[in-house]
Amino acid sequence: MYFKKSRGSVSHVLAFSLPVMISQACDSLMMLTDRYLLSQVDPIFAAASMSGGMTAFLFWIFGAGLLGFVSALASQYMGANEPAKAKAVVAQSLILSVILSIPLLLFGEPLARFYFSFLKMPIEELPLALTYFSLIIQCCFFVFLKVSFSSYFSGIGKTKIVMYVNIIGLILNIPLSYFLIHGGFGEAWSGVKGAALGTICAEVFMTLLYIGIFLRHYSKNMKWSFNSDICKKLLKYGSPMGMEFFVLTFAFNTFLTMFHSFGIDAAKAISVTSSWSWLTVLPFFGLNVGVMSLVGHAMGEGNPTLATQITRSALKIAFGIVAIATVCFIGFTEPLVSTFGIANGSKAYELAKFMVLTLPLYCIFDALEFVLTATLRASGDTFFCLKVSTLSQWTCVTICFYGTYYGHFSPKMIWCIFIVALFIQSCIFGYRYLQGSWKLLKVTDSDFAH
């Protein structure tokens, strides 16, 4: 399961993480395909689905982050040779999925209505975005279940299951969304409603597929009862992780929104830059999950030396990705910018060109952060990650807010402040990792016999 002959090597970490990277790519491709299909019908549909979808993502990211710790906790129990407790983690995550879904189902829509109004969303976009959000938020329970099972499979080393399920979901989603968006079930379920329904069907199908696989092959002798000890661990270490994800998402969305206040040229530039940065950072998400699982397994064994080796190998992979991205950003800057239809020589073009040229720095600091925080979280150092991310990101947002609305900073200056904040954040995580206090943490109660 864990490539015993080469544990901790680059090939080991890459082979383990690659299926999760592909899974992340499938999720993003589903989202991009929906946006593209909607834009072919009416550009405002694509804008509304993005607003509604990002808001739904913001609302459930805390729960998804909390349940994402299932991966680290299950892997630690597997490393401690306690598979029964790893399965018990799944049972607790199902209970928490129900609890986390209730407030979203009850209060999600009125909160979203207030959020959209507060942001002064255009009147023609508001009802469409709210419709999309209202439908998508209804499947939050299935989203939480999907995160729980995918995290469990990643935690026990079955990352290929996660990959296969996501590929099947992608194959289902694309034609179904096309059919629905173009009025396959009549005008009542076309456009934005059709895109939402297609997404819901794909999410539900993938969740049921996970449940079927788990019940058929992994639920033998499993106790489905409430386990207060494991549930407390999941809440203790998962809640800071969920809150960290929420803070990061909220801060980044706020940063992007502020950038739009510079005008249409800055809006176009940040759109181009964020699109390319997202594609580059995408593999890091899969690598993050892989490192969490592998380091969690090693820490469960009581083997911090192996955890260190895994982290070093992951950093080599991450820097390899950064090197490829750097060549593309520096060598093909102009084609990357002009692909989005920005006129050569315009203010938007020059700003986007500057930002794309600085993306290698963004990628380096992001690579460090994704790998190092995965190791820290897997060892149980989740509250430290929350404190650093919150302080760093919101200090950056505060400075950028002042510079944008009162200090008359240029868009380039605001972008550079954002890069510097990432640099400082990655340095702090690097210091914490090198300090080594994470090696002494103990999440499980098992006595290591290895």
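This is a predicted model: local features need pLDDT of at least 70, side-chain atom pairs count only at pLDDT 80 or more; totals for chains, interfaces and linings use all residues.
Let me begin with the general idea. Side chains of opposite charge can pair when their charged atoms come close. In this structure there are eight salt bridges, and I will go through some of them.

Start with Arg-7 and Glu-301. Their closest N and O atoms are 2.9 Å apart. Arg-7 sits in the segment before α1 (10-41), while Glu-301 belongs to helix α9 (residues 264-301). The two are 294 residues apart, so this pair links distant parts of the chain. Is Glu-301 buried or exposed? Its relative accessibility is 10%, and because buried means under 20%, Glu-301 counts as buried.

Next, Glu-244 and Arg-377. Here the N to O distance is 3.0 Å. Glu-244 is in helix α8 (residues 228-260) and Arg-377 is in helix α13 (residues 359-378).

Now the pair of Lys-353 and Glu-334, with closest N and O atoms 3.2 Å apart. Which parts does this pair tie together? Lys-353 lies in helix α12 (residues 347-357) and Glu-334 in helix α11 (residues 333-338), so the bridge ties together parts 19 residues apart in sequence. Lys-353 has 23% relative accessibility and counts as partly exposed. Glu-334, at 39%, counts as partly exposed too.

Note on methods:
Residues are numbered from 1 along each chain as its sequence is written. Side-chain values use heavy atoms; hydrogens and water are left out. A salt bridge is a side-chain nitrogen of Lys or Arg within 4 Å of a carboxyl oxygen of Asp or Glu. Helices (H or I, at least four residues) and strands (E, at least two) are DSSP runs, numbered from the N terminus. Buried means under 20% relative accessible area, exposed over 50%, partly exposed in between (1.4 Å probe, protein chains only).
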